Amino acid sequence: MDTLTSLFSAGLLLVMLAAVLDVAANLLLAKSEGFRIRRYGLLALVAVGLAFTSLSYAVRTMDLAVAYAMWGGFGILGTSLGGWMLFGQRLKASAWAGMALLVFGLSILHAS
């Protein structure tokens, strides 16, 4: 594996970590009920800070536009699915179609 491939892989892993932390922050924020349950709200803030830290390390080895697009896309996908699975939020057919397009778009971004 050459250096460029290993750097991109490290960057991709950091973007994925940032996305997981972002999803966790969003779900914790929902769980906090608008910061009425402060421990969840504070954990959400910590998770957001860690997500941005991870993203900042990722852009050392990836273009900002690609890293940010992937982070945002994975974050939207994870938050939508997390709300559906954990909070019973209903997703319309258009939401499922949008998520399918997101997965397709993210796979194209990763391949380029």
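What pattern does the chain follow when read along the sequence? Here are my notes.

1. The answer is α-α-α-α: the chain has four helices and zero strands. Helices here are DSSP runs of H or I with at least four residues, strands are E runs of at least two, and numbering starts from the N terminus. Bear in mind that this is a predicted model, where local features need pLDDT of at least 70, side-chain atom pairs count only at pLDDT 80 or more, and totals for chains, interfaces and linings use all residues. Residues are numbered from 1 along each chain as its sequence is written, and side-chain values use heavy atoms, with hydrogens and water left out.

2. Overall dimensions: along the principal axes, the C-alpha atoms fill a box of roughly 50 × 35 × 20 Å. Of the 112 residues in the chain, 27% are buried (buried is under 20% relative accessible area, exposed is over 50%, partly exposed is in between, with a 1.4 Å probe and protein chains only). Among contacts with a separation of 6 or more, 65% join residues 24 or more positions apart; a contact means heavy atoms within 4.5 Å.

3. Helix α3 covers residues 64-87, and its length checks out: its 24 residues should span 34 Å at 1.5 Å a residue, and the end C-alpha atoms are 32 Å apart, which agrees. The expected span is 1.5 Å times one less than the number of residues. Its buried positions include Val66, Ala67, Met70, Trp71 and Leu77, along with glycines such as Gly73 and Gly75.

4. Now the core. The largest nonpolar core has 14 residues, and Val15, Leu55, Met62, Ala67, Met70 and Trp71 touch the most other members. Such a core is a set of buried Ala, Val, Leu, Ile, Met, Phe, Trp, Tyr and Cys residues joined through side-chain atoms within 4.5 Å. Helices α1 (3-31), α2 and α3 each supply at least two residues of this core, with the largest share, five residues, coming from α1. In soluble globular proteins, nonpolar side chains tend to be buried together.

5. Trp71 deserves a look on screen. Setting aside neighbours within four places in sequence, Trp71 is in contact with Val15, Ala18, Ala19, Asp22, Ala51, Phe52 and Leu55.

6. How do α2 and α3 pack, by angle and by distance between axes? The angle is about 145° and the axes are 10 Å apart (axes are lines fitted to C-alpha atoms, for helices over the stretch in contact, and angles run from 0 to 180 degrees between N-to-C directions). On the α2 side Ala51, Phe52 and Leu55 meet Ala67, Tyr68 and Trp71 of α3.

7. Two loop residues to check: Glu33 and Phe35 are found between α1 and α2. Phi of Glu33 is near 55°, and phi of Phe35 is near 70°; both values are positive in a residue other than glycine. Most residues other than glycine have a negative phi. Glu33 is partly exposed at 42% relative accessible area, and Phe35 is partly exposed at 37%.

8. Finally, two positions in α2. Arg39 lies in this helix and is exposed, with a relative accessible area of 58%; Arg39 and Leu28 are eleven residues apart in sequence and 9.2 Å apart, C-alpha to C-alpha. Thr53 also sits in α2 (residues 38-58) and counts as partly exposed at 36% relative accessibility.
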